[in-house]
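The exercises below concern one protein chain. Each gives a task and then a solution in steps.

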Amino acid sequence: MINKDFDGVGIIAGQGLLPKMVYDECFKKGIRSKLIGLKGEINQKIFQDTVYDSFRPYDISRIFDYLNKNNLTKIVIAGRVDRANLSKLIFDKIGMRIFAKIIKTGFNDNNIYSTIIKFIEENGFEIISPSEIIEDILTQKGNMTNVPIDEQMDIDIKRGIDILKGIIRYDVGQALIIDQSLVLGVEAVEGTNELISRCAKYRNRNSGGILIKMCKPHQDKRVDLPCIGPDTIKNIAKYAYKGIVVEAKKSIILASKDTIELANENKIFIYGV
C-alpha cells in the first residue's frame, strides 16, 4: 500500500465503479488526487456531485499536459475503455506515436495495454495499481459466500479452468461459461455482461452454469484485471446462473461487502482459485 505522503495521483477514469472507489479512497486517506474523466466512458451518474476535468480518450497530449501542470507523476488507470477509441489516437500528436507502436506489436489487449503503459512510463509517469490505494480490493482464495458448491459444480470449475487457461494464452478473452462440463461460450470483444446474456439460452435450467474469469498469463497486473461487482451479480442472477469463479489475488471485487451480500441473497457462490 502507498503512503499518503507521496506526491499525489492522477486517476484516469473509464467505465464502471472502480474509478469512484479509487477516488473516494484517496479522499478518505488524504491522498492528493485529480480525477481525469474520459468523455463517453466515465460514469457521469456516480460522479454527478464531483468536480473533475474531462478529456477525450485519445487526447493524450492534453492529458499529459494536465498531469504535468498539476505535478502528478503517478497514475491509476481505472475502468474499461472502449477499443474503438484506439483508431482516434491518430488525431493527437502524441497519440499518433502510440498508435504506430500498437500497429507494430499487434491489436490484442495485452499488446495494447503493455504498449500504452510503456509509452506513459517512458514519458516520466508511473502507473500504479488500484490495489495500492484500496485495501482488500483483490479477491480472496476459497468460497467467499455461504452458498455451497456441489460435486458437479466442482467438476465444472476444474474443467472450465483448464480450458480457459488454454484459451487466454491467445489473448482472446478472460472468461467463459460452463454447464454440466459443456462450454456454453467464451468471452470475446463484447465483454462479460454480453457473454452472460448470450449463453443463457444454452444453459441447463436445473444446474444453471458457472462464469469463470481469469487473468492472462503475461498481463500487467496494474491494469485491466478481471473484475466483478454488484452489477455482475445482478446479471448472473437475472439469468439464473449458479456461481462465479475468479483468480484469487489477480482479480478485483468491487464493493466487496455489497457484492458478497447480494450473491448470498441470490444463492450465487463466488469462489477464488
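**Exercise 1. Determine whether I90 is buried, partly exposed or exposed, and state which patch contains I90.**

Step 1. I90 has a relative accessibility of 39% and therefore counts as partly exposed; buried means under 20% relative accessible area, exposed over 50%, and partly exposed in between (1.4 Å probe, protein chains only).

Step 2. The model is predicted: local features need pLDDT of at least 70, side-chain atom pairs count only at pLDDT 80 or more, and totals for chains, interfaces and linings use all residues. Residues are numbered from 1 along each chain as its sequence is written, and side-chain values use heavy atoms, with hydrogens and water left out.

Step 3. I90 sits in the loop between strand 4 (74-78) and helix 3 (93-105). Helices (H or I, at least four residues) and strands (E, at least two) are DSSP runs, numbered from the N terminus.

Step 4. Together with F91 and M96, I90 forms a nonpolar surface patch with about 330 Å² of accessible area. Patches are made of residues with over 30% relative accessible area and no salt bridge; like charges are joined within 9 Å and nonpolar side chains (Val, Leu, Ile, Met, Phe, Trp, Tyr) within 5 Å. Accessible areas come from the Shrake-Rupley method with a 1.4 Å probe, and for residues only the protein chains shown count as cover.

**Exercise 2. Describe the overall dimensions of the protein chain and its secondary structure.**

Step 1. Eight helices and 13 strands are present in the protein chain.

Step 2. Its radius of gyration is 19 Å, close to the 19 Å given by the globule rule for 273 residues, so the protein chain is as compact as a globular protein of that length. The radius is taken over C-alpha atoms, and the rule is 2.2 Å times the number of residues to the power 0.38.

Step 3. The C-alpha trace spans about 55 × 40 × 30 Å along its principal axes.

Step 4. Of the 273 residues, 50% count as buried. The protein chain exposes about 13600 Å², with carbon and sulfur atoms supplying 49% of it.

Step 5. Among contacts (heavy atoms within 4.5 Å) with a separation of 6 or more, 72% join residues 24 or more positions apart.

**Exercise 3. Which residues of helix 8 are buried, and what covers them?**

Step 1. In helix 8 (residues 256-265), the buried residues are T259, L262 and A263. Viewed down the helix axis they fall within an arc of 100 degrees, so they line one face of helix 8; the arc is that of the directions from the helix axis to the C-beta atoms.

Step 2. K257 and E265 are exposed on the other side of helix 8.

Step 3. The cover over the buried residues includes helix 7 (230-238), strand 12 (252-253) and strand 13 (269-272).

Step 4. Helix 7 has buried residues of its own: P230, T232, I233, N235 and I236. Elements they pack against include helix 6 (192-199), strand 11 and helix 8.

**Exercise 4. How many salt bridges are found in the whole structure, and where does helix 1 take part in them?**

Step 1. A salt bridge is a side-chain nitrogen of Lys or Arg within 4 Å of a carboxyl oxygen of Asp or Glu. A search of the whole structure finds nine.

Step 2. D24 and K20 form one of them, with the closest N and O atoms 2.9 Å apart. Both residues lie in helix 1, four residues apart, about one turn of the helix. D24 is partly exposed at 35% relative accessibility, whereas K20 is buried at 18%.

Step 3. K29 and E135 meet in another, at 3.8 Å from N to O. This pair links distant parts of the chain, 106 residues apart: K29 is in helix 1, and E135 is in the loop between strand 5 (126-127) and strand 6 (142-143).

Step 4. E25, K29 and E135 are linked in a network of salt bridges. E25 lies in helix 1 (residues 18-29) and counts as buried at 13% relative accessibility.
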